[in-house]
Number of protein chains: 2
Amino acid sequence: MSTLYTSKYINHKHVNIDDAFWNPILKLVGEEVLPYQWEVLNARVPGIEKSHAIQNLRIAAGDATGDFYGFVFQDSDVAKWLEAVGFYLQKHKNEALEKIADEVIELISRAQMPDGYLDTYFQIKEPHKRWTNLYECHELYVAGHLIEAGVAYYEATGKSKILEVCCKMADHLVKMFGEEEGKIKGYPGHQEIELALVKLYNVTQREEYLNLARFFITERGKEPNYFVIEWETTRNKMTHWGNHPCGKPDLKYNQAHQPIYDQQVAVGHAVRAMYMYTGMADVAALTNDDKLLQACQTLWDNVTKKQMYITGGVGSNVHGESFSFDYDLPNDTMYCETCASIGLIFFAQRLQQIIPNSEYADIIEKCLYNIVLGSISADGKRYFYVNPLEVDPISSKLDSRKHHVKPERQPWFSCACCPPNVVRLLTSLGNYIYTSNDKEIYLHQYISSDLIYKIKDTDVKITQQGSYLEDGKMHITLSLPTPAEFTLALRIPKWAKQAIIKINGEEIKYSNYLVDGYVKLTRVWNDQDTISIKFALGIIIMESHPFVKYNTGKVCVMRGPLVYCLEEVDNGKNLAGLSLDITKPLHYHQDGRIGYIIGNGYRLTLTGWDGMLYRPLMQTEESCELRFVPYHTWGNRGVGEMMVWIRKH
Amino acid sequence: MSTLYTSKYINHKHVNIDDAFWNPILKLVGEEVLPYQWEVLNARVPGIEKSHAIQNLRIAAGDATGDFYGFVFQDSDVAKWLEAVGFYLQKHKNEALEKIADEVIELISRAQMPDGYLDTYFQIKEPHKRWTNLYECHELYVAGHLIEAGVAYYEATGKSKILEVCCKMADHLVKMFGEEEGKIKGYPGHQEIELALVKLYNVTQREEYLNLARFFITERGKEPNYFVIEWETTRNKMTHWGNHPCGKPDLKYNQAHQPIYDQQVAVGHAVRAMYMYTGMADVAALTNDDKLLQACQTLWDNVTKKQMYITGGVGSNVHGESFSFDYDLPNDTMYCETCASIGLIFFAQRLQQIIPNSEYADIIEKCLYNIVLGSISADGKRYFYVNPLEVDPISSKLDSRKHHVKPERQPWFSCACCPPNVVRLLTSLGNYIYTSNDKEIYLHQYISSDLIYKIKDTDVKITQQGSYLEDGKMHITLSLPTPAEFTLALRIPKWAKQAIIKINGEEIKYSNYLVDGYVKLTRVWNDQDTISIKFALGIIIMESHPFVKYNTGKVCVMRGPLVYCLEEVDNGKNLAGLSLDITKPLHYHQDGRIGYIIGNGYRLTLTGWDGMLYRPLMQTEESCELRFVPYHTWGNRGVGEMMVWIRKH
């Protein structure tokens, strides 16, 4: 069957990252964070939110007795961790970790019911309520994460045990859900299974998995609405959350308010939306569904051009962890869940395989260098769930509208979706660098690395080396056994106002080759051909669309993909009293791996304010130096205020 | 017994208001609003929130059958309306209204239980639960409002029937509550009874009422905490709201977290706080309690110097309709309940009788001309409960954080505390103009009127006439049968940077006579002496304390006591995109009773923004004219955006 793919992602098996910026992070994740999270999942880290996720599996498997503990989706924490291990083992030998993973898989396998069902909450607590509350109860979400884990681990090790568990579970789903008489016409309350089934289809080529993914997507939002019927029938108008009577389900909350073909505006829970859009793009590509792709593009445009923070954060309302509405982007009460930006990366990665346009890679870069990196502490053991653009620790403590906005990363969460999500993303970073088709290789992300890949039957090695974040320079070397003609498409990041590109030392007029944000270099490449790139990596003062009312009169400092922010530790208390003098130059300073920016500004002073709350305008302020640090580094030097958007002076 | 009063308020029986600005409002309230609200209370106005308040009384009295409907404090709507009628009848003959009121009183009297108890919710629905849930159930609040109504109506008509009902009820309270063995050691969940008992004491001179008010105040917040004990015992850890198990009571919510002598910061529900502070000041004055007065002053300073909006609004958090914390004054998510500012007026009025300082009258003026007047529509039949400083109708509709912020006044509310509260305040406006002691008359509010009053055995008439709001001019004429020596203390409003004061045409150097914000003119006054005052009534651009983060870089336009705002109807959409050029003059234009102000500013334009959310700073803006209208007039010309604080350019 033909597909809509124009270039497919190159699996990170072919990519070896060796990057001065990324190496310490990836080493930390593999060597520190994966073992740490394993300890957490086993409830062996004292003084933090209790996980119980492994214990739930033990109880379901009959290895232990006791009650289920945690959220109805607690299993997914284990699955995401296992998926991260799979990604890690795809690139690294680690027998100890593999042994632990094999034991977990063994445990999962024994916990699975004979019919393939697997969800420890229902197995332990409410076996009679299976599939009766799709709206609230995450069974399909949990299944989806296990499938993703299974595929990653299978691809890492070739061991089929976990894949068999996943297929058995998926076969059960195929038996239970679908259009056919006697099957449930439902779909997940929390989307995720759709993209997972596509992964399982890709590795097994079993059409029924793709068909079920497509069913879940196309059935969604049809009238009469399944969730309303479910609420009236199998749910008895009761809610899982507290087990008391409840009102009609909010269909917008999980994007079931209308058929997905008709959805034009991102609404509801942001993570649900992102996972669903990703699955939609997958299914559109594989089933050649142009109309579905169109829906994806419309939603992409709405999200990225009307509802996204400059950091790549999405979900501007804490209520329902949800999208708000066009241009409504408050900086201090938003949600911007880490998982939502990871979902946005997934969505972008799917679209960039279908539509050759650099905007997808631009957004992946934005999310990666700001939200994803910012969500994890320098030591890898503390995490942000919510990623604010403005924090005042006093407000977080005293203002009930901001209790969700933590001024410091947390060691774990009762709802622990984000920490293992970050880890699975970082352990698969190499998957986001290249895509290719039979005659083109797209370079999307500038990360020093080797790609070893066969194109047109030629084994090529593409080595990226450089200091992209530092000075915008990358040097690319091609190694080929014999000359070969193909296209190398290099992304020009949106932030780069200009670039100098030289092939074998000779500058080319790159704009002549620029197509949809990529410089497409088609030629017969020879061994040791080099391309040197220098992007103009200046400090850029950014402004928001005038409809973003929270940002009018304010600016944000960026350099390359990095959003910068002000912290109290550098700039003193009451960051809101600061303004940036935009007429004066800002200066960048490199400081090890990380840089900072110094600007000139003004600080409101307390002169003459004794015992007053309002007064005739006097504007008592003094000039001051402002220090901006990359957003992703904030909160690593003690608790204090942080602010991205600053008033311009 | 000696008291702390330095000057007592002069009852509006002595005051006849005849003011070009106020006359139409007061006429509207008496002739349109009181009858309208009577219809509402009888559920005879279709298409609005159902009241059922009168019907509840009928059911309790045995005149009708049926269920109680409404909130547990539904009775208080009738009481506040009746109190307003009382105030109105103190100044106007209106036989029709008096007849209705007499019938209501008759009904109330028959609804009262033989033991004096009166609360239709408990009488109809849960007679066995009387006094078991003071924390949530408002019985003492309802009692308080009935007492206030009774006192006002008795003072208006001399008819004792309602006063007898009140005394019978108060006697019941005296029997039930107090330190003595066997009595309940509790106090109200919603304060109000304290100030009401003081009013009843003032009219009856029965010490037990004052003592009970004092008990309610001084017992509050003592350890072990009554509300915690109640929750554990008579409440069985259940909540009235939904009748399900609940957690420990939030003691800060109703200011029971510590003894009131120790309270230094306003916390919790703003209306509760204001009514309590008012009662505290009453009791402090009457019982000569300096320490209690000190607590009042500390709380006053906290409220007005750290937690009050420039409009006089208080309560910056919708959650719990509560105070937030010092300097936390968001403009678009606040609460600023109308009742809270009315409570602040009460508190100020009590303090100004104890402490001769103009700050109390300044705040009364601020609340009156902005929040109180703004809360009622031009036709008197629609009301704001929440009084925002910034509104966008789209946000009110789509942003769950702002659903409580209505962009238009509402005809009624399920919780209808505000509409009758405004009416009782306006019908008693004359009570706020003067205070006096045996040798001084303080003029606090400049409202054209006659005062006919006896001081030092001389009948004086003080006539204020002028156009205070228009041009800052007032002309005062004294009429006396014989010359008399006394002090006339004239408030210099805080907003008036200067004033010209002439006695009998001769200018005085008023600063020589200025004490605590009042020009104290002590002399032998003669018949037809005149004082002419001209306050410098300029447009003043105001700024907020730098810690008010929502207002940094912004200004507010005021003229006299009036805060001005921008409306969409005058200035187009996206008010947040406007800025005021503070280097250019602003101009005032009188337009009938109301003025407006024209300024120069800039508007962010949409030039070059197609399909973008962020871009390098270009600052595309165009100059424009800005039109400011008094805050209290907003929302009378259709639904649209409104904004008080504007960015300065």
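This tour goes through selections in chain A and then chain B of a predicted model. Residues are numbered from 1 along each chain as its sequence is written, and chains are lettered from A in the order in which they are written. Local features need pLDDT of at least 70 and side-chain atom pairs count only at pLDDT 80 or more, while totals for chains, interfaces and linings use all residues; side-chain values use heavy atoms, without hydrogens or water.

**Chain A: a helix pair**

Select α1 (residues 23-41) and α17 (residues 418-426) of chain A; their axes come within 10 Å and cross at roughly 140°. Helices here are DSSP runs of H or I with at least four residues, strands are runs of E with at least two, and both are numbered from the N terminus. Axes are lines fitted to C-alpha atoms, for helices over the stretch in contact, with angles from 0 to 180 degrees between N-to-C directions. α1(A) and α17(A) are therefore oblique to each other, a class left over once angles under 35 degrees (roughly parallel), over 145 (roughly antiparallel) and 65 to 115 (roughly perpendicular) are taken out.

Now show the side chains of A:I25, A:L26, A:V29, A:V33, A:L34 and A:Q37 on α1(A), and of A:P419, A:P420, A:V423 and A:L426 on α17(A), which make the contact (heavy atoms within 4.5 Å).

**Chain A: the sheet**

Next, display the open, mixed sheet of six strands ordered β1-β4-β5-β9-β13-β12 in chain A. Strands pair if DSSP finds at least two bridges between them. At the edges are β1 (8-9) and β12 (514-515), each pairing on one side only. Inside the sheet, select β5 (residues 440-443) and β9 (residues 484-491), a parallel pair with four bridges; A:Y442 is opposite A:A489.

**Chain B: strands around β20**

Move to β20 (residues 594-604) of chain B, which pairs antiparallel with β18 (residues 578-580) over three bridges. B:S579 stands opposite B:Y602. β19 (residues 587-591) is joined to β20(B) by five bridges, also antiparallel. In their hairpin, with two residues between the strands, B:G592 has a positive phi near 70°.

**Chain B: a loop residue**

Finish at B:N225, in the loop between α10 (207-219) and α11 (226-232). Is B:N225 buried or exposed? B:N225 is buried because its relative accessibility is 3%; buried means under 20% relative accessible area, exposed over 50% and partly exposed in between, with a 1.4 Å probe and protein chains only. Beyond neighbours within four places in sequence, B:N225 contacts B:Y187, B:L251 and B:A256.
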